[in-house]
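Dear colleague,

Please find below the structure that I am handing over to you, together with its sequence. My notes on what was found in it follow directly after.

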Amino acid sequence: MFSFTESPRLTEFERQVLPHLDAAYNLARFLVRNDQDAEDVVQEAALRAFRFFEGFRGENSRAWFLSIVRNTAFTALKRNRMDEETVVFDEELHGGQIPPLDVGLALDRAHDRQTVRAAIEQLPAEFREAITLRELEGMSYKEIADIAGVPIGTIMSRLARARVQIKTYLDGGRPALRRVK
Amino acid sequence: MVDRNSPVTEEELHAYVDGELPADRLEAVTAWLAAHADHAALVAAWRAQADGIRARYGAVASERRRT
């Protein structure tokens, strides 16, 4: 009944992109680490996606849209200096031996959502991205590598290191100083 | 490419957890895990951690995982 406001392009955009808004917000929220900035990122990303929608060839709309969200979020992080730490990828770690590691406790019901969120938020941005796309969105290594614009081996290394850091945090090895929001 | 007889790497354990291990390494890693109970326990811990995060925050938790 609102056909007078619609165009085929808008309808197709709504069909392809809008179902991924929750995933977009989840990713943005873990990257920029606060609600308002995440909403701004998703809104800006949606506008960009609509503007460039003609260039989308219809293969994987989720990965396409999330790559726009991630680029928008990283731009915001740089602009606002919300993320002072940067990851220097350690090539030596990739393909390295398994370090001795205490198996310790698995993540269990005792860890509430906020604790788990804090464990992810203390990671460097590139690690937060890998963890969010893998654990929350269930994306393949290939999809994550394409979105992040790095080789699959880099994603494997980031995931491995991120999981160790999350585990260390949840096992009680969290930093003594809490981040002030 | 990792030599077939080389020790298993940490990244490979995560790829195993994620179902992303190449077919030509799956057999070797599985055999290695069968002989290394400590690392088999570690793999179980990674899996539990991933599942725990997904259960709390996964937007598509009920969706079929892409393989």
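**Helix α6 of chain A**

In α6(A), the buried residues are A:Ala125, A:Glu126, A:Phe127, A:Arg128, A:Glu129, A:Ala130, A:Ile131, A:Thr132, A:Leu133, A:Arg134, A:Glu135 and A:Leu136. A residue is called buried if 20 or more other C-beta atoms lie within 10 Å of its own, exposed if 12 or fewer do, and partly exposed in between, with C-beta atoms placed from the backbone. Helices (H or I, at least four residues) and strands (E, at least two) are DSSP runs numbered from the N terminus.

This is a predicted model, in which local features need pLDDT of at least 70, side-chain atom pairs count only at pLDDT 80 or more, and totals for chains, interfaces and linings use all residues. Residues are numbered from 1 along each chain as its sequence is written, while chains are lettered from A and ligands numbered from 1 in the order in which they are written.

Because twelve of its twelve residues are buried, α6(A) is largely enclosed by the rest of the structure. Its end C-alpha atoms are 15 Å apart, which agrees with the 16 Å that its twelve residues should span at 1.5 Å a residue; the expected span is 1.5 Å times one less than the number of residues. After α6(A) comes A:Gly138, with a positive phi near 65°.

Why does A:Arg128 count as buried? A:Arg128 counts as buried because it has 23 C-beta neighbours inside 10 Å. This residue is found in helix α6 of chain A. Apart from neighbours within four places in sequence, A:Arg128 is in contact (C-beta atoms, placed from the backbone, within 7 Å) with A:Phe30, A:Leu31, A:Ile120 and A:Leu123. A:Arg128 and A:Leu27 are 101 residues apart in sequence, and their C-alpha atoms are 8.7 Å apart in space.

**Chain A as a whole**

Chain A has eight helices and zero strands. Of its 181 residues, 35% count as buried. Among its contacts between residues at least 6 apart in sequence, 73% join residues at least 24 apart.

Two stretches call for a separate remark. Over residues 88-94 of chain A, pLDDT stays under 50, and the model has six contacts beyond four places in sequence for them. Over residues 176-181 of chain A, pLDDT also stays under 50, and the model has zero such contacts.

Helix α4 of chain A (residues 61-80) has 20 residues and reaches 28 Å from its first C-alpha to its last, close to the 28 Å expected at 1.5 Å a residue. Buried residues in α4(A) are A:Trp64, A:Phe65, A:Leu66, A:Ile68, A:Val69, A:Arg70, A:Thr72, A:Ala73 and A:Ala76. Their cover includes α1 (8-17), α2 (21-32), α3 (35-51), α6 (125-136) and α7 (141-148) of chain A. A:Arg81 follows α4(A) and has a positive phi near 50°.

The domain assignment, whose bounds come from an automatic or database source, gives domain 1 (3-80) and domain 2 (85-181) in chain A. Twelve residues from domain 1 and twelve residues from domain 2 of chain A take part in the contact. On the side of domain 1 that touches domain 2, α2 and α4 of chain A each supply at least two residues, and the largest share, six residues, comes from α4(A).

**The nonpolar core**

A nonpolar core is a set of buried Ala, Val, Leu, Ile, Met, Phe, Trp, Tyr and Cys residues joined through C-beta atoms within 7 Å. The largest has 53 residues, and those with the most contacts inside it are A:Ala24, A:Leu27, A:Ala28, A:Val41 and A:Val69. Helix α8 (residues 152-173) of chain A gives the largest share of this core, eight residues. At least three residues come from each of domain 1 (3-80) and domain 2 (85-181) of chain A. Not counting residues up to four places away in sequence, A:Ala28 touches A:Ala38, A:Val41, A:Val42, A:Val69 and A:Ala73.

**Chain B**

Chain B has three helices and zero strands, and 25% of its 67 residues count as buried. Helix α1 of chain B (residues 10-17) is mostly covered, with eight of its eight residues buried. Just after α1(B), B:Gly19 takes a positive phi of about 70°.

With kind regards

Key: Contact = placed C-beta atoms within 7 Å. pLDDT = per-residue confidence, 0-100.
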